[in-house]
Amino acid sequence: MRGKLGAVNLTRWIGVCAAGKRVARAMRSLFGVEIQGATVILESMSITGYANQFLCDLVAYVPGKPIEDTAREHGLRPEDIVKLASNENPLGPSPMAQEAMREAAGLMHLYPDGGGVKLREALAAKHRVEFDNIVLGNGSNEIIELLCHSFLNQETSLVAAEHAFVVYKLMATLFGAQYLEVPDPGFIHDLPAMAAAVREDTRLVFVANPNNPTGTLVGQEEIDRFLEALPEHVIAVFDEAYFEFLQNPADTVKYVREGRNVCVMRTFSKAQGLSGLRVGYGIANKEVADLLNKARQPFNVNAMAQTAALASIADEDHIRRTVQNNQEGRAMFESAFAERGWEYIPSHANFVMVKVGDGDAVFREMLTRGVIVRALRSYKLPEWIRVSVGTARENVRCLQVMDEVIQL
Ligand SMILES: Cc1ncc(COP(=O)(O)O)c(C=O)c1O
């Protein structure tokens, strides 16, 4: 049947490929329209109909709202806006990194070092691993993508906690793998349940430690037991984007030194204050690191980012001040939330998740008053928001606005 039914009725509303393919299936079962029916649909689809089906099905990542957009949309001055939406460092990049970037500006006509040698050497020394254990990424997000690129396809699965960092799910979807979501009672990763969820076809298990957006942590003993329970065909990925904020962190790099199937992810975006440059890294056993290095673009980390990251590693003072500011700000938020009777999840990172009723409405109202936080509907947490820790002044302003807006 290559008739009007397909051509006329369907052309109007088949916009995207996923919908088109679903319609094709429905046509087949309802009207017995076989291959030719699908042809009709294909002819009437837009170019997205020919795109990678997994990409079409993907719900795009929603980043924190930028300051400039908020200022324009709400008639505010950018300098009056407080952005506590993306877990950035409110103290900015390290002064040493800023100085190194100024010096490097005149060399930006040259391609970066594609091997990232100086930075990888410094990171290998810092973590007491070998050069070949380090993979640089365009943010640690790219390490997630490279892992999925290397190990996932339609015949495989990935295990993660129910409220884990959302990019794992996006990437699993993009590569057509099954995403196995394990309940996390009290928002804490249930590592025994995650190990039990591993199947023959599982290749990656992600442990975000601490997790975003919950801020919860799992400890050394649980991690040790978890690793013991994992079979050989699985890579344990420890996403440690907020590592620097921890008091007594678990050591996962030791597993890399032991040659286990482990990848530890770190980033320069959070405590190091270099989110805008996009630089992160993986510390992995050599076989895994080698695969990730093959999968990446030759110049995935730009020259300015390499320069700034290198200088930043040496600036321990800046990290100390950052961690101190974070401890004070986080304690202020947590005690203020407790005083007001607002449920919150005690955090180990540079943000706090708090229950406010209608999270979207609170987010929108706060936005009109110039404070940007993060609504968490995309994490299936519509009653919660996540507030990043800012400077003392920013935190006080945020709390004032929350007081005006939240009526629980
Ligand atoms: C848990 C976690 N992992 C990874 C990332 C990615 O960070 P980046 O790509 O900036 O290194 C983030 C950023 O928010 C995060 O919260």
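**Exercise 1.** Determine the order of the strands in the open sheet and identify its edge strands.

*Solution.* Helices (H or I, at least four residues) and strands (E, at least two) are DSSP runs, numbered from the N terminus. Two strands pair if DSSP finds at least two bridges between them. The open sheet has 7 strands, in the order S2-S8-S7-S6-S5-S3-S4, and its pairing is mixed. At the edges stand S2 (134–137) and S4 (178–182), each of which pairs on one side only.

The model is predicted: local features need pLDDT of at least 70, side-chain atom pairs count only at pLDDT 80 or more, and totals for chains, interfaces and linings use all residues. Residues are numbered from 1 along each chain as its sequence is written.

**Exercise 2.** Describe how strand S5 is joined to strand S6.

*Solution.* Strand S5 (residues 202–208) and strand S6 (residues 235–239) run parallel and are joined by 5 bridges. Take Val207 as an example: its bridge partner in S6 is Phe238.

**Exercise 3.** Which residues of helix H16 are buried, and how are they arranged about its axis?

*Solution.* A residue is buried if 20 or more other C-beta atoms, placed from the backbone, lie within 10 Å of its own. In H16 (residues 359–368), this holds for Gly359, Val362, Phe363, Met366 and Leu367. Seen down the axis of H16, the buried residues fall within an arc of 135 degrees (taken from the directions from the helix axis to the C-beta atoms), so they line one face of the helix. An α-helix has 3.6 residues a turn, so residues three or four places apart point the same way. Finally, H16 is followed by Gly370, whose phi is positive, near 85 degrees.

Terms used:
A residue is buried if 20 or more other C-beta atoms lie within 10 Å of its own, exposed if 12 or fewer, and partly exposed in between; C-beta atoms are placed from the backbone.
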